[in-house]
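Hello,

Here is the structure I said I would pass on. My notes on it follow below.

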Amino acid sequence: MRAVEAVLFAAESPLTVDSIRAHVGAGDVRAALDRLMADYAGRGIHIVRRGERWQFQTAPDMAH
């Protein structure tokens, strides 16, 4: 999960699950993303899915 978080944080653009997996190796990337989404809920940043790609995003109420 930490590796998935680090890859998303360092990414210049949103990543697909396959792209993330290429960086972190074996493991359940989708489960890690689901857990990270839950962990970041209510914080100033979120992990969001846009189509088939994932990225960090400023929380909507902090976008100002």
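Notes on the model

Ala31 is partly exposed, because its relative accessible area of 38% falls between the 20% and 50% cut-offs. Please keep in mind that this is a predicted model. Ala31 is part of helix α3.

As for the overall fold, the chain has three helices and three strands, in the order α-β-α-α-β-β from the N terminus. The radius of gyration is 11 Å, which agrees with the value near 11 Å for a compact globule of 64 residues. Along the principal axes, the C-alpha atoms fill a box of roughly 35 × 20 × 20 Å. Of the contacts with a separation of 6 or more, 38% are between residues 24 or more positions apart.

The largest nonpolar core has 14 residues, and those touching the most other members are Val4, Leu8, Ile20, Val29, Leu33, Ile47 and Trp54. Two or more residues come from each of α1 (2-10), α2 (17-24), α3 (29-40) and β3 (53-58). Helix α3 gives the most, five residues. Leaving aside residues up to four places away in sequence, Ile47 touches Leu8, Leu33, Leu36, Met37, Tyr40, Trp54, Gln55 and Phe56.

Buried residues amount to 25% of the 64 in the chain. The chain carries 8 positive and 8 negative charges, and their mean positions are 1 Å apart.

Regards

Notes. Residues numbered from 1 in each chain as written. Predicted model: local features only at pLDDT ≥ 70, side-chain atom pairs only at ≥ 80, totals over all residues. Heavy atoms only, no water. Core = buried A, V, L, I, M, F, W, Y, C linked by side-chain atoms within 4.5 Å. Buried < 20%, exposed > 50% of the residue type's maximum accessible area, 1.4 Å probe, protein only. Helix = DSSP H or I, 4+ residues; strand = E, 2+ residues; numbered from the N terminus. Contact = heavy atoms within 4.5 Å. Rg over C-alpha atoms; globule rule 2.2 N^0.38 Å. Lys, Arg positive; Asp, Glu negative; His and termini not counted. Charge placed at Lys NZ, Arg CZ, Asp CG, Glu CD.
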